[in-house]
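This report describes the salt bridges of one protein model. Please look at the sequence and the structure before reading on.

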Amino acid sequence: NLFGTANKKEVAKEEPADLAKQWKRNIQKQTRSLDRDIENLKRAENKALKECKELAKKGHMSAIRILATEIAQTRKQIVRMHTAKAQMNSVVMQLQTSAAMMKLKDGVAKSSSIMSTMNGLMNIPEVSKVMQQMAREMEKAGLIDEIVSDTFAAIEPEGLEADADAEVDRIMQEVTAEIMSKAQSAPTAVVKSNNDNIVESNSDVVADVDPELQAMQDRLHAL
């Protein structure tokens, strides 16, 4: 068993305060694992952004949108992981309080606040499996109420797809805007016309701006 308490008999043999300390250690271990995962995701995001900028220079807008979608999903995953970390830290603090109460009362008292936070954690895909198992441990020890279902499906709010599309558009605008800005800020060349008048020319810069890239920028600004 992941948390060392395979059944009710084994749970009963351990002191409640010791169980609380064990859960605390396991949560902290999971938090450190999330920190590593977040760093890996951030590196992947930066790599994808760099690839997007290279594609933008070549005007490959369809390929940029595919990568932008991946970046949006990565950012969403990072947000979920930070949410999980905050909730797990909350459980650790609540367990510390519960452990103190267990010593005073020499027993386990149910905690509705821990149950509520654990329910939230069980709805986060990145930690749901571990948190479901820990919740069962807590239920067997009498810390939280009985778990009524093995399935803890997160209910996605309405309009989530539209929000995802908007985030992809923001990423595309972020990528293409930098390329456009560099092109537009390039130094102009001074040339002579046929009638010897001095004129400024930015033709090389304009030529470098892909028409499809400019069209995409216009559409994104119109949103």
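A salt bridge is counted where a side-chain nitrogen of Lys or Arg lies within 4 Å of a carboxyl oxygen of Asp or Glu. The model is predicted, so local features need pLDDT of at least 70 and side-chain atom pairs count only at pLDDT 80 or more, while totals for chains, interfaces and linings use all residues. Residues are numbered from 1 along each chain as its sequence is written, and side-chain values use heavy atoms, with hydrogens and water left out.

The count comes to eight salt bridges. Among them are the following pairs.

| Pair | Closest N to O distance |
|---|---|
| D35 and K85 | 2.5 Å |

Helices here are DSSP runs of H or I with at least four residues, numbered from the N terminus. D35 belongs to helix α2 (residues 16–58) and K85 to helix α3 (residues 61–105); 50 residues apart, they link distant parts of the chain. K57 and E54 both sit in helix α2, three residues apart, or about one turn of the helix. About one helical turn also separates E167 and R170, because they are three residues apart in helix α6 (residues 160–184).

E167 and R170 are also part of a network of salt bridges that includes E45, R75 and E174.

Relative accessible area is under 20% for a buried residue and over 50% for an exposed one, with partly exposed in between (1.4 Å probe, protein chains only). D35 is partly exposed at 31%. K57, at 49%, is partly exposed, and E54 is partly exposed at 38%.

Definitions and conventions:
Helix = DSSP H or I, 4+ residues; strand = E, 2+ residues; numbered from the N terminus.
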